[in-house]
Amino acid sequence: MNEVARKPAARFVPLIVFAALVAFFVVGLVWNQTHDARFVPSPLIDKPAPAFHLPRLNDPTRFVTKSDLLGKPYLLNVFASWCFACGDEHPVLMAYRDKFGIPLIGYDYKDAPQDARAWLDRHGDPYHEVIADQSGETAINFGVYGAPETYLIDAHGIIRYKHIGPLTPDVIAKELEPKIRELEQEGT
Amino acid sequence: MRRLLAVALLAFALALSAAAFAIDPLPFKDTAQRDRFQHLTRELRCMVCQDESLLASNADFAKQLRRQIFDMMQQGKSDSQIKDWLVARYSTFILYDPPLAPATIALWFGTPAILLAGGIVVVVLLRRRTRPAGMITEEPGDDW
């Protein structure tokens, strides 16, 4: 007891340690509230999009390749008729398709073509073009692991931005649109 | 008691083998290749169901990547080539064993640092306590 009385600062050590633990706890809680562990940053940002050669959903005899789409920026939206969150995202895409200012390409991921066509007939088709990756093999090269995912690809075929999960008006306003404007200013 | 132990061991062995055989039948060349495949895919994360390995997961994503890894093995790719290929697409998050990088320094050295700090505190406290040896008996709660 005498020792503690001699050094009053020592009395606060347990309190400080406890406060530090509480701080860790709070930071962890807040972090988990604001970050979704499912959304892993893509290593493909600012790297060339992988080459692809995929049939059109509405005309499987005609193929679309990466080089067909070079020359102007576009959005590539990975979706599937079986994907629940894609249903949530769908009205947002319908509302924004003409506001993006660049083409919105649909990427039908691991889907039976007739299911995808029926889904688009029922809900409306927000896409300027839809390509179909029925096996999902090309999607591996894009690092797709959960639909919906959206890629912003510039005129040179470089992936400039990726969003995992449904696009919301908030995400579009805060992240996607500034990126699109950035590309416009580059004049690409 | 011995019987109970035997049952427990059996249950444990069954649980282990269930995890090992939650995989699709892939035509491995030999058991060495199968073992290598299982060892490799156990170290890789299923990105869809993030707390499972590619080996144990039944998700479509994991099945497809297992197939892909199997094919790459047949092409003679090494484990590190396969890992690099996956990391280029899915980031180092797919590795259960994180590489040493600026972002993982806290992960690698955080625990030893905290352990060291705790050790220092314990040593300091013990030294202080042993010096005034006569005082220990005066502390309340020590008299029994």
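The model is predicted. It scores ipTM 0.76 and pTM 0.74. Chain B averages a pLDDT of 81. In that chain, 75% of the residues score at least 70. Where pLDDT is low, predicted coordinates should not be read in detail.

Chain B is built from five helices and zero strands. From the N terminus on, its elements run α-α-α-α-α. Buried residues make up 14% of its 144 residues. Among contacts in chain B with a separation of 6 or more, 43% join residues 24 or more positions apart.

Helix H5 of chain B covers residues 105-130. Its 26 residues should span 38 Å at 1.5 Å a residue, and the end C-alpha atoms are 37 Å apart, so the two values agree.

The contact between the chains takes 12 residues from chain B and 12 residues from chain A. On the side of chain B that touches chain A, the elements giving two or more residues are helix H3 (60-74) and helix H4 (79-90). H4(B) gives the most, with four residues. By type, this side of chain B divides into seven nonpolar, four polar and one charged.

In chain A, attention turns to the core. The largest nonpolar core holds 49 residues. A:Val78, A:Phe79, A:Tyr109, A:Ala147 and A:Ile153 touch the most other members. Strand E3 (residues 74-79) of chain A gives the most to this core, with five residues. A:Phe79 has contacts beyond its neighbours within four places in sequence. These include A:Cys86, A:Gly106, A:Tyr107 and A:Asp108. A:Tyr109, A:Ala147 and A:Pro148 are also in contact with A:Phe79.

The peptide bond from A:Ala147 to A:Pro148 is cis, with omega near -5°. A:Pro148 sits in the loop between H5 and strand E6 (149-153) of chain A. Most peptide bonds are trans, and most residues other than glycine have a negative phi.

Positive phi values occur at two further sites in chain A. A:Lys110 has a phi near 45°, although this residue is not a glycine. A:Lys110 lies in the loop between strand E4 (104-109) and helix H4 (113-123) of chain A. It counts as buried because 20 C-beta neighbours fall inside 10 Å, and the cut-off is 20 or more. A:Asp46, also not a glycine, has a positive phi of about 65°. Its place is in the loop between helix H2 (13-34) and strand E1 (53-55) of chain A. A:Asp46 counts as exposed because 11 C-beta neighbours lie inside 10 Å, where 12 or fewer is the limit.

A:Lys110 also takes part in a contact with A:Gln134. Not counting residues up to four places away in sequence, A:Gln134 touches A:Lys110, A:Asp111 and A:Pro113. A:Gln134 is found in the loop between strand E5 (129-133) and helix H5 (137-142) of chain A. With 17 other C-beta atoms within 10 Å, A:Gln134 is partly exposed. The C-alpha atoms of A:Gln134 and A:Tyr107 are separated by 9.9 Å. These two residues are 27 residues apart along the chain.

Notes: Residues are numbered from 1 along each chain as its sequence is written. Chains are lettered from A and ligands numbered from 1 in the order in which they are written. This is a predicted model: local features need pLDDT of at least 70, side-chain atom pairs count only at pLDDT 80 or more; totals for chains, interfaces and linings use all residues. Two residues are in contact if their C-beta atoms, placed from the backbone, lie within 7 Å. Ala, Val, Leu, Ile, Met, Phe, Trp, Tyr, Cys and Pro count as nonpolar, Asp, Glu, Lys and Arg as charged, and the others, Gly among them, as polar. A nonpolar core is a set of buried Ala, Val, Leu, Ile, Met, Phe, Trp, Tyr and Cys residues joined through C-beta atoms within 7 Å. pLDDT is the predictor's confidence in each residue, from 0 to 100. The expected span of a helix is 1.5 Å times one less than its number of residues.
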